[in-house]
Every structure is written in structure tokens, then in C-alpha cells.
Amino acid sequence: MFRSFILLCATLIATPTFADEVYRFGDDAYIAGDNVTLSGEAVDDAFVVGNTIVVSAPVSGSAHAGGRSVSISAPVGQSLYAAGMNVNVSAPVGGDAQLLGDTVLVTAPISGDLRLGAQRAEITASIGDDALIAAEHILLTETIAGDASLSTKTISFGENARIEGTLYLYADDPEAIEIPAHVVPADRIERHDADAFDPTADPEGGATVDTSGGWSSWLGGKVTSILILTALATLIAALAPGFLMNLRERTLETPMRALWMGFLSISALAGSLFLFALTGYGILLVPASIVLAVLLGVAGYVIGSYILGVGVMSALSRPLPETLSERAIAAAVGAVAVTLLALIPVIGWIGVLAVAIAGAGALIIRWFAPGFYTELR
């Protein structure tokens with residue numbers, strides 16, 4: 001069930017670069033290129049992006065690697081984050097490991113938690129704590145010291161395979177999967193339908209979707225999100241009423257322009273991380289690019305919901321908000337409208353995305369006043 005997501009992430013991360021560049025800042029190493037190898041003296045933290053990646057230098061801190069093929073062949077002292085079509089961890093990891101790929105092989109011990117998503121996963125070394133694994137095919141031959149949450153279609157075990165904690169098994173037909181008694185006794189196995197699996201859960205204690213709250217919990221979450229969105233929009237209206245009024249007027253006059261500019265701006269920020277990676281040294285700016293794209297999207301969502309609220313009130317023949325209380329009402333109407341929009345099956349998320357993009361576009365138009373087909377001087 002994770003196959004399409006895994007392939008998309010791995011393909012994006014593995015966009016080839018043209019120049020092998022290594023930059024060291026303090027004890028950290030940053031490297032980008034086509035076929036790249038981090039070797040030589042030990043480093044503190046490592047950040048590696050490329051097509052084919054080999055980390056053969058010891059990393060005393062955390063290692064971050066993304067490419068088509070990723071091989072970790074030197075010890076990692078703390079946490080490991082790796083993603084690619086093929087990921088091979090053949091050296092011990094002192095902390096947690098988060099691995100994403102089509103085929104993921106773990107042939108060296110991991111001292112902390114393991115979180116893994118793949119098409120095929122082979123765990124042939126011990127896991128020192130809990131494990132959360134989502135893969136269509138799983139091979140386990142060594143010990144998992146804590147709990148194990150496994151979402152899979154097929155699973156096979158070696159003679160030395162052990163799960164010391166509880167096994168939480170998720171599958172389309174969980175009763176049809178046989179678990180040998182030497183791996184974990186039947187009284188420590190909990191079987192669940194595949195739809196109940198939550199890949200974002202803490203590996204300890206299972207990864208079952210929490211439905212204990214029922215409708216009251218669901219409704220409470222929606223009301224909370226509406227109140228937060230209303231409060232943020234009202235705060236902006238109180239701090240910068242003229243600025244927000246200008247955004248509102250421009251967007252309602254030309255909504256398609258706001259959509260277009262928002263789409264271009266967020267696309268440019270998100271796509272810039274690949275261009276930064278091409279330069280090698282520019283990989284240092286990738287986090288800033290990601291943060292700016294997220295901030296623009298969040299700001300666009302808040303402003304877009306407020307503008308939507310004003311539009312709804314105008315459609316009901318209500319006057320445009322002038323006082324703070326009227327703006328707060330408009331913000332609340334917009335928050336309710338965007339929440340209801342998100343509940344529409346299939347197409348609701350497209351509408352919410354359009355609201356956020358339009359809000360982001362309104363900001364860009366107000367700040368930079370971009371234009372097309374203008375005369376060159």
C-alpha cells in the first residue's frame with residue numbers, strides 16, 4: 001500500500017546532479033553529486049544527496065542520505081535517515097533508523113527503534129528496541145528486542161528470529177498469516193485489519209488507529225481546528241487591517257490571478273531545492289527553501305480561508321467587514337467553510353488546496369506586484 005508513495009519519494013530525492021561537491025562545516029559533511037562516496041575521516045553529521053550513494057566514513061552523529069541507491073557501510077553513532085529505490089544498511093546504527101525505499105536491506109544491528117517502509121524488507125540483524133515495518137514482503141531472521149508492528153502481505157522468519165515484545169500484525173487477512181511459536185507465542189500477538197494500521201504511530205505499543213473517541217473526538221478535532229484558524233485570521237486582521245483589506249480586495253477582484261501566482265510561487269520554492277542541490281554548496285540552502293515553501297502555504301491557507309469567509313458573506317448580501325468584530329465573524333465563516341469543503345469526498349481536498357494557493361498568491365501580488373507582458377525599458 002506504500003509502494004506508490006515510496007516510488008514517488010525515491011524518484012524525487014534521486015534527481016541526478018552534475019557535479020560532485022563536498023563541503024565541510026565544522027565536523028559536519030555535506031555532499032551532492034551523481035555517484036558520490038563519503039569516505040575518509042570520521043564526521044559528526046552527514047548530509048548526502050545523489051544518484052548512487054555510499055557512506056563509508058564513520059558518522060559519530062546522525063546521517064541523512066537520499067538517492068536512487070543508498071549504501072551505509074560505516075557505523076552511524078546516532079540516528080540514520082535514508083531513502084532511495086534500494087537502501088542497504090550494512091554497518092551498525094547506534095540510535096534510531098528511519099528507512100524508505102523499494103527494497104530495504106538491514107544486515108547490521110540497529111540499537112534503537114526501526115521505522116521502515118518498503119516493497120520488500122529484509123531484516124537480518126538485531127533491532128535493539130521497537131520496530132514499525134510496512135512492506136508487502138518481510139523477511140526477519142534476528143531478534144527485535146521490543147514491540148513489532150508489521151503491516152504486510154507475506155512474512156517469513158529465520159530460525160533465530162525472535163520478537164521479545166508484542167507483535168501487532170496488520171494484513172488484509174491477518175488470521176491467514178502463520179507466526180511460528182519460536183518467534184513469538186500466540187498470547188503476545190494482536191491481529192488487525194490492514195486499514196487499522198497507522199504508519200505515523202510510535203513503534204512502541206502498536207500502530208493501530210485510535211478510534212476510541214468516536215464521533216465526539218472527531219467533532220472535537222474539527223471544532224478545535226476551526227477555532228485555531230479563526231484566531232490566526234483574526235490576529236492578522238487586528239495587527240494589519242489595511243494590509244488584509246488590500247489582499248481581500250485584490251483577490252476577490254481577480255481570483256484566477258491569485259491562484260496562478262500562488263501556484264507559481266510555491267512551485268518555485270519547492271522546486272528550488274533541486275536546483276540548489278545541483279550546485280553542491282547550495283545544498284546548505286535546501287532547508288531554507290523547504291521552510292519558506294511551508295510558511296507560504298500555511299500563511300496562504302489562513303489568509304485564503306479569511307478571504308473565502310468574506311466572499312461567502314458577500315454572497316449572502318452582507319456588507320464587507322470594517323470593524324474587528326466583523327472581521328472575526330468573517331474569519332469564523334471562512335474557517336467553517338474551508339472545513340466543510342474538506343469533507344467533500346474526492347474533490348474536497350482540491351478546493352482546500354485552491355484556497356491555500358489563492359491566499360499565497362494574494363501575498364505575493366501584494367508584496368512584489370509581479371506582472372506579465374509588461375513593456376521592457
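Thank you all for coming. I begin with a definition: pLDDT is the predictor's confidence in each residue, on a scale from 0 to 100. Helices (H or I, at least four residues) and strands (E, at least two) are DSSP runs, numbered from the N terminus. The structure before you is a predicted model, in which local features need pLDDT of at least 70 and side-chain atom pairs count only at pLDDT 80 or more, while totals for chains, interfaces and linings use all residues. Residues are numbered from 1 along each chain as its sequence is written, and side-chain values use heavy atoms, with hydrogens and water left out.

Let me turn to confidence. The average pLDDT of the protein chain is 82, and 84% of the residues score at least 70. Strand β12 (residues 143-144) has the highest confidence, at 96, whereas helix α1 (residues 3-13) has the lowest, at a mean of 38. Over residues 1-20 the pLDDT stays under 50, yet the model has 45 contacts for them beyond four places in sequence; a contact means heavy atoms within 4.5 Å. Residues 373-377 also have a pLDDT below 50, and that stretch has zero contacts in the model beyond near neighbours in sequence.

Next, a helix. Helix α6 (residues 324-342) comprises 19 residues and reaches 27 Å from its first C-alpha to its last. That is close to the 27 Å expected at 1.5 Å a residue, where the expected span is 1.5 Å times one less than the number of residues. Which residues of α6 are buried? They are Arg327, Ala330, Ala331, Gly334, Ala335, Val338 and Thr339, where buried means under 20% relative accessible area, exposed over 50%, and partly exposed in between (1.4 Å probe, protein chains only). Seen down the axis of α6, the buried residues fall within an arc of 165°, so they line one face of the helix. The arc is that of the directions from the helix axis to the C-beta atoms. An α-helix has 3.6 residues a turn, so residues three or four places apart point the same way.

The loop between α5 (286-315) and α6 holds Ser317. Ser317 has a positive phi of about 65° although it is not a glycine. Most residues other than glycine have a negative phi. With 67% relative accessibility, Ser317 counts as exposed.

I come now to the strands. Strand β9 (residues 97-106) has seven of its ten residues buried, so it is largely enclosed by the rest of the structure. Strand β8 (residues 80-89) pairs with β9 in the parallel sense over nine bridges; two strands pair if DSSP finds at least two bridges between them. Asn88 has Leu105 in β9 as its bridge partner. β9 also pairs with strand β10 (residues 114-123), in the parallel sense and over eight bridges. There, Ala97 has Leu114 in β10 as its bridge partner.

Finally, the aromatic side chains. How many aromatic pairs does the structure hold? It holds three. Rings of Phe, Tyr and Trp (its six-membered ring) pair if their centres lie within 6.5 Å; planes under 30 degrees apart count as stacked, over 60 as edge-to-face and the rest as tilted. One of the pairs, Tyr30 and Phe47, is stacked, at 5.0 Å centre to centre with 5° between the planes. Tyr30 is in strand β2 (residues 28-32) and Phe47 in strand β4 (residues 46-49), 17 residues apart. Tyr30 counts as buried at 16% relative accessibility, whereas Phe47 is partly exposed at 26%.
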